[in-house]
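Please keep the sequence and the structure in view while reading.

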Amino acid sequence: MIDKKNFSIIYMILEKDFVSEFRDKLNLMYFLILAPTISLILFIFNNSDDFLYLYFLSVLIVSLLTNQRISRQEISPNGDLILINIPIDLSIFCLSKILFAFILNIFINLIVFSTFFLISNGLFFDDLKNFTILSIFFSLGLSTILTMFSLMLERIKAEGQFMLIMIYPLIVPFLILAKNSLIEINYMDFMEFINSFSLQVLIAFDILLLAICPILFSYSVRR
Amino acid sequence: MKVLLKIASLEKKYNENVVFTSLSFDIPEKSIFWIKGINGSGKSTLMKILSSQIEDYQGDIWYSEKNIKKFDYKIYNEIFYLPTSPNLYDSLSARENIDFFSKIFLSKGLNNRAHLIDAFQVEKHLNKRTNELSDGIKKKISLIISFLINPKVLIFDEPYNYLDASSVESLNRVIKEYNDSGATFVISDNSSLISKLKPNGSLGLEV
């Protein structure tokens, strides 16, 4: 349960992460180079002129490549989680890392968006509101899954490689749901899109992930 | 002395390698307990088990007559484990690390902050980033954080590593102060620097 004390813990971890980020530019500078590079590679080597698909594919690939960096900051040189013995449920810690990854994912979206805006000579979608809504829920789900698994991967290293197989039941339905919403983004108006089955299932799945992933992380690390 | 930690038939294996077996001993309340043993004898593993960092073991550990597995994460309010290598955030300064850990652990001994900074002589290093500090200063910052958290049991794994002679004396002095005010210490040490503290009990581990 997230009470006032847990909120303050989340705030403290986020504050620490942002201080580290702005001081060392650990991730943002990396995104700034990687995101346009991946976007340009996909644009050049993919014959499709469907910029919308290429946009979400770029965000997905950049997020996959960068999320591990965010989690690595929490691991000490001897392989332990630095905050392993904090007297709170580790799911609260995982939740704060998900929030941080989500905020950084918004930056990835902005950088990829700028790149596609330039290479497509303008807007590459018909409805800005639909696009924004889908980007937010796509980033939220992606940040949740990748943060939990990258934290687990850093922590368990070779001891629990089979646990990583668990990523598929989570990420595959999420990607299918995101793709279904993507098909509808350009021919529905905002209200239709909000009420569409595929977006509502995507939102429900995001909420489910947000509830399950931190608990799963806490359980796997401390057991 | 009242028993604070009771260890009964403890056994730990990594795959087929037995680290130790049938380990039973008591750690009295308000004592200084010395864990001895050569490298690879399982000192760090034992300390991690005592502090609930490792829960995969056979046997039982009782803290204040309650199995420590029953406490879940709340045990970390009572027992704090300090590893050999300091666990600090490199991007933060020494001061920011102290503030962050003090807040997140809801430290009970914050009024001792100035005294500890003075005792370990780290004042001039507080504004430096952790990745610019020597291993010795990092160790002192970690020790200060542990004392500020001020739990009932402090488990120190090789606390004298990286410290110079005067810092060792300072550490022993602070351990004595906290022990006098009721803290229990479990310390692993191969250098015998702990012997000046006249430990109340000890355990020798063998390979």
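In this predicted model, chain B and chain A bury about 2300 Å² between them, and 57% of that area lies on carbon and sulfur atoms. The size of an interface is often given as the accessible area lost when the parts come together. Three residues, B:Tyr73, B:Tyr89 and B:Ile104, supply 26% of the area that chain B buries against chain A, more than any other three residues. Counted by residues, 25 of chain B are in contact with 26 of chain A.

Two salt bridges are found across the interface of chain B and chain A. A:Arg23 forms a salt bridge with B:Glu96. On the side of chain B that touches chain A, strand S6 (79-82) and helix H2 (94-104) of chain B each supply at least two residues. H2(B) gives the most to that side, with five residues. The residues of this side divide into 13 nonpolar, six polar and six charged.

Two close atom pairs are listed in the table.

| Pair | Atoms | Distance |
|---|---|---|
| A:Arg23 and B:Glu96 | closest N and O atoms of the salt bridge | 2.6 Å |
| A:Thr144 and A:Leu140 | side chain of A:Thr144 and backbone oxygen of A:Leu140 | 2.6 Å |

In soluble globular proteins, nonpolar side chains tend to be buried together. The largest nonpolar core has 113 residues, and those with the most contacts inside it are A:Phe217, B:Phe147, B:Ile175 and B:Phe185. Helix H4 (residues 90-119) of chain A gives the most to this core, with 13 residues. Leaving aside its neighbours within four places in sequence, B:Phe147 is in contact with several residues, including B:Leu116, B:Phe120, B:Leu154, B:Ile175 and B:Phe185.

A:Thr144 lies in helix H5 (residues 128-156) of chain A. This threonine counts as buried because its relative accessible area is 0%, and the cut-off is under 20%. Beyond its neighbours within four places in sequence, A:Thr144 is in contact with A:Ile98, A:Leu209, A:Leu210 and A:Cys213.

Note on methods: Residues are numbered from 1 along each chain as its sequence is written. Chains are lettered from A and ligands numbered from 1 in the order in which they are written. This is a predicted model: local features need pLDDT of at least 70, side-chain atom pairs count only at pLDDT 80 or more; totals for chains, interfaces and linings use all residues. Side-chain values use heavy atoms; hydrogens and water are left out. Contact means heavy atoms within 4.5 Å. Buried area is the accessible area (1.4 Å probe) that two parts lose on being put together, summed over both. A salt bridge is a side-chain nitrogen of Lys or Arg within 4 Å of a carboxyl oxygen of Asp or Glu. Helices (H or I, at least four residues) and strands (E, at least two) are DSSP runs, numbered from the N terminus. Ala, Val, Leu, Ile, Met, Phe, Trp, Tyr, Cys and Pro count as nonpolar, Asp, Glu, Lys and Arg as charged, and the others, Gly among them, as polar. A nonpolar core is a set of buried Ala, Val, Leu, Ile, Met, Phe, Trp, Tyr and Cys residues joined through side-chain atoms within 4.5 Å. Buried means under 20% relative accessible area, exposed over 50%, partly exposed in between (1.4 Å probe, protein chains only). A polar contact is a pair of N or O atoms within 3.5 Å; within protein, one must be able to donate a hydrogen and the other to accept it, and residues adjacent in sequence count only if both atoms are side-chain atoms.
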